[in-house]
Amino acid sequence: MIKSVRGTRDLLPPDTAQWNFVEAAARDVFRTYNFQEIRTPVLEDLSLFQRSVGEETDIVSKEMFAWQDRGRAESEKGQWLALRPENTAGTVRAYIEHKLWERPGVQKLFYIGPQFRRERPQKGRYRQFYQIGAEAIGPPAAGSESPARDAEVLEMLATLLDRLGIQDWTLQLNSVGCANDRPRYHQALRAALVPAVAKMCDDCQRRAVTNPLRVFDCKVPEDQPIIAKLPSIADYLDDSCRTHFTEVQRILTALSVPFVLNDRLVRGLDYYERTAFEFTHGSLGAQNAILGGGRYDGLSETLGGPRAPGIGFAIGEDRLILSLKETAEALAKKPDAYLAPLGPGMNAEAAKLARDLRHHDLIIELGDESFRLKKSLETASKIGARYVVIVGENEVKADAFALKKLSTGEQVTVPRAELAARILSA
Ligand code: HAM
């Protein structure tokens with residue numbers, strides 16, 4: 001038997017009702033904050049992620065699904081391709097490719113779709129997982145750099161989580177500085193790592209040289225006491241980053257969006273500058289980050305575009321659903337009525353009636369004329385239909401149908417014209 005690939009899974013009904021519920025709520029909230037949808041390809045040029053997410057990150061160095069494509073000619077080697085591990089890089093690529101900066105204002109874009117990382121699968125961690133994300137990006141003159149954008153995005157997230165009934169989230173907030181203060185901080189980190197790095201894991205030994213900020217991504221327990229003592233980025237922010245960060249906090253406080261400061265939160269992607277954040281949730285165990293995001297003011301230029309500061313986030317939809325209170329069963333819709341054609345030639349009559357009832361937005365399941373009434377009633381009750389409508393020769397002649405309420409067994413005869421209203425009313 002061929003099975004789904006390790007780390008991937010099928011989403012089946014009724015569970016898909018939860019996914020639709022979450023996506024509908026997200027679309028609705030995004031709409032009121034004036035975000036519009038972007039859909040970028042799942043497949044991108046590998047170098048897009050190497051240059052944006054960063055070669056030294058776990059995502060790019062260990063977790064990519066990437067391969068070299070065939071060239072046009074049989075013997076020729078082709079382009080290096082990758083399944084996207086995240087959607088910010090693709091969105092910024094599209095922003096540059098389609099000159100979206102020529103459009104007025106800040107581009108506010110959202111996406112919903114699968115991402116791929118070759119991680120060790122466990123609860124809340126998959127190789128194909130889904131993100132609901134958004135990016136606000138544009139020329140500085142359009143206000144894209146403003147702390148008001150950061151606060152707007154964070155408040156939108158708080159609103160969405162509240163709307164979904166997800167309580168007990170914690171917003172962890174940090175500023176990771178910018179190109180101006182980063183060299184001084186890197187220097188301080190390197191200096192602090194010199195006496196300790198020999199005792200650290202191989203990854204950290206390498207990171208200490210190539211990209212010391214990435215040391216904070218280390219999960220090795222023995223390294224944690226060393227990491228805890230490293231200098232804090234908060235002490236190295238330049239005046240403009242400090243002012244920006246203070247203003248983000250001031251607006252959040254005015255909006256009553258609670259947050260905690262966490263100066264160890266650097267996020268596992270290289271493109272971040274200034275604001276970085278995660279929302280965590282207690283019920284999720286080890287994989288407790290429901291979502292993460294931050295500013296990436298230099299990313300467009302890194303990818304060859306114009307200056308276009310931006311801020312965004314991605315929600316791990318799989319994890320969000322794990323913390324959802326609404327059960328799949330409660331969200332999945334059951335048929336309003338089961339139509340039971342009774343006897344030869346009744347399939348067409350039942351189909352006609354089903355079409356009429358569906359026009360009234362009713363959920364209708366159709367039986368088959370070969371079924372006996374007993375079988376139809378059993379099936380209707382197994383699938384959770386509220387009513388059974390019997391479509392027999394006598395009913396068609398009288399243009400009135402036997403309507404049976406399954407919860408009470410009560411049966412009445414209802415003229416065709418009144419049937420939909422009757423089913424809708426209870
Ligand atoms: P990220 O922190 O790598 O950020 O991923 C965002 C969220 O995706 C995580 O908080 C988590 O909920 C979910 N996630 C990540 N990996 C997995 C996995 N293997 N299985 C299940 N869920 C997972 C980004 O991707 C950035 N692009 C976010 C962003 C947008 N920053 C600015 N704009």
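In which strand does H281 lie? H281 belongs to strand β9, which spans residues 273-281; helices (H or I, at least four residues) and strands (E, at least two) are DSSP runs numbered from the N terminus. The structure is a predicted model, in which local features need pLDDT of at least 70, side-chain atom pairs count only at pLDDT 80 or more, and totals for chains, interfaces and linings use all residues. Residues are numbered from 1 along each chain as its sequence is written, and side-chain values use heavy atoms, with hydrogens and water left out.

H281 is buried, with a relative accessible area of 8%. Here, buried denotes under 20% relative accessible area, exposed over 50%, and partly exposed the range in between, with a 1.4 Å probe and protein chains only. The side chain of H281 reaches the backbone oxygen of Q167 at 2.8 Å. A polar contact is a pair of N or O atoms within 3.5 Å; within protein, one must be able to donate a hydrogen and the other to accept it, and residues adjacent in sequence count only if both atoms are side-chain atoms.

The chain is divided into domain 1, formed by 15-181 + 237-322, and domain 2, formed by 333-425. These bounds come from an automatic or database domain assignment. The C-alpha centres of domain 1 and domain 2 are 49 Å apart.

A polar side-chain atom of Y272 is placed 2.6 Å from a ligand nitrogen atom. Backbone atoms also contribute: a backbone N or O atom of G312 lies 3.4 Å from a nitrogen atom of the ligand, and a polar backbone atom of F313 is found at 3.2 Å from a ligand nitrogen. Taken alone, the ligand exposes 650 Å², and the protein buries 96% of that area; accessible areas come from the Shrake-Rupley method with a 1.4 Å probe, and for residues only the protein chains shown count as cover.

Aromatic side chains form nine pairs in the structure. Rings of Phe, Tyr and Trp (its six-membered ring) pair if their centres lie within 6.5 Å; planes under 30 degrees apart count as stacked, over 60 as edge-to-face and the rest as tilted. The pair of Y185 and Y236 is tilted, because the ring centres are 5.4 Å apart and the planes stand at 50°. This pair links distant parts of the chain, with Y185 in helix α6 (residues 182-193) and Y236 in the loop between α8 (224-228) and α9 (239-254), 51 residues apart. Y185 is buried, at a relative accessible area of 1%.

Y271 and Y272 form an edge-to-face pair, at 4.8 Å centre to centre and 65° between the planes. Y271 is buried, with a relative accessible area of 6%, and Y272 likewise counts as buried at 6% relative accessibility. Y271 is located in the loop between β8 (260-261) and β9. Its C-alpha atom is separated by 8.9 Å from that of T302, 31 residues apart along the chain. A further aromatic group is the cluster of F30, F35, F110 and F313.

Several backbone features complete the description. P13 and P14 are joined by a cis peptide bond with omega of about 5°, and P14 is situated in the segment before α1 (15-32). K99, although not a glycine, has a positive phi of about 50°. This residue is found in the loop between α4 (88-97) and β5 (107-116), and K99 counts as partly exposed at 42% relative accessibility. D361, also a residue other than glycine, has a positive phi near 70°. D361 occupies the loop between α13 (346-359) and β13 (364-366) and counts as exposed at 67% relative accessibility.
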